[in-house]
Amino acid sequence: MSDRDTCLNTPLLNAHLEAIRALCRQHGVARLDVFGSICTPEFDAECSDIDFLVEYPPDLDLGPWLRDLYTLQDALHALLGRDIDLVLSDALRHPWFRQEAARTRTTIYDATPISEVA
């Protein structure tokens, strides 16, 4: 089983996929990926946090001080009962962090329009 398969087969995520996707729709998310330890055998079902990368449409206003981002983070925490690290995809600037996220990144929700091929 690949790391990417491991993510979505984790009972914690698998049991809540539809609720997570509903939160994404409710909060105007364009794309939500999970990454990090939950996508590896090192995930501790008792105490590991869950890392998400979130992407919003470019024209979406997240409110003062990114209020809507933190509202989504709190909703995911309440749903999953875990500490949640919610990172804006645009914030992936450090090369090591980008590489590490890319290694395990798995899409949970994607509402981005499919590009038409000319």
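Visitor: Where do E18 and R21 lie?
Guide: Both are in helix α3, three residues apart, which is about one turn of the helix. Helices here are DSSP runs of H or I with at least four residues, strands are runs of E with at least two, and both are numbered from the N terminus. The model is a predicted one, in which local features need pLDDT of at least 70 and side-chain atom pairs count only at pLDDT 80 or more, while totals for chains, interfaces and linings use all residues. Residues are numbered from 1 along each chain as its sequence is written, and side-chain values use heavy atoms, with hydrogens and water left out.

Visitor: What does E18 form with R21?
Guide: A salt bridge, with the closest N and O atoms 2.9 Å apart. The term means a side-chain nitrogen of Lys or Arg within 4 Å of a carboxyl oxygen of Asp or Glu.

Visitor: Why can side chains pair at all?
Guide: Side chains of opposite charge can do so when their charged atoms come close.

Visitor: Is E18 buried or exposed?
Guide: Exposed, at a relative accessible area of 53%. R21 is partly exposed, at 22%. The cut-offs are under 20% for buried, over 50% for exposed and in between for partly exposed, using a 1.4 Å probe and protein chains only.

Visitor: Which residues of α3 are buried, then?
Guide: In α3, residues 17-26, the buried ones are L17, I20, L23 and C24. They sit on the same side of the helix because they cover an arc of only 120 degrees around its axis. That arc is taken from the directions from the helix axis to the C-beta atoms.

Visitor: What does the face turned away carry?
Guide: The exposed residues E18, R25 and Q26. Just after α3 comes G28, with a positive phi of about 70 degrees.

Visitor: New topic. How many salt bridges does the whole structure have?
Guide: Three. Besides the E18 and R21 pair, D33 meets R31 at 3.1 Å, N to O, and R105 meets D33 at 2.4 Å, N to O.

Visitor: Where are R105 and D33 in the chain?
Guide: In distant parts, 72 residues apart. R105 is in the loop between α5 (95-104) and β4 (106-110), and D33 is in strand β1, residues 31-35.

Visitor: Is D33 buried or exposed?
Guide: Buried, with a relative accessible area of 0%.

Visitor: Which residues are linked in a network?
Guide: R31, D33 and R105, through their salt bridges.
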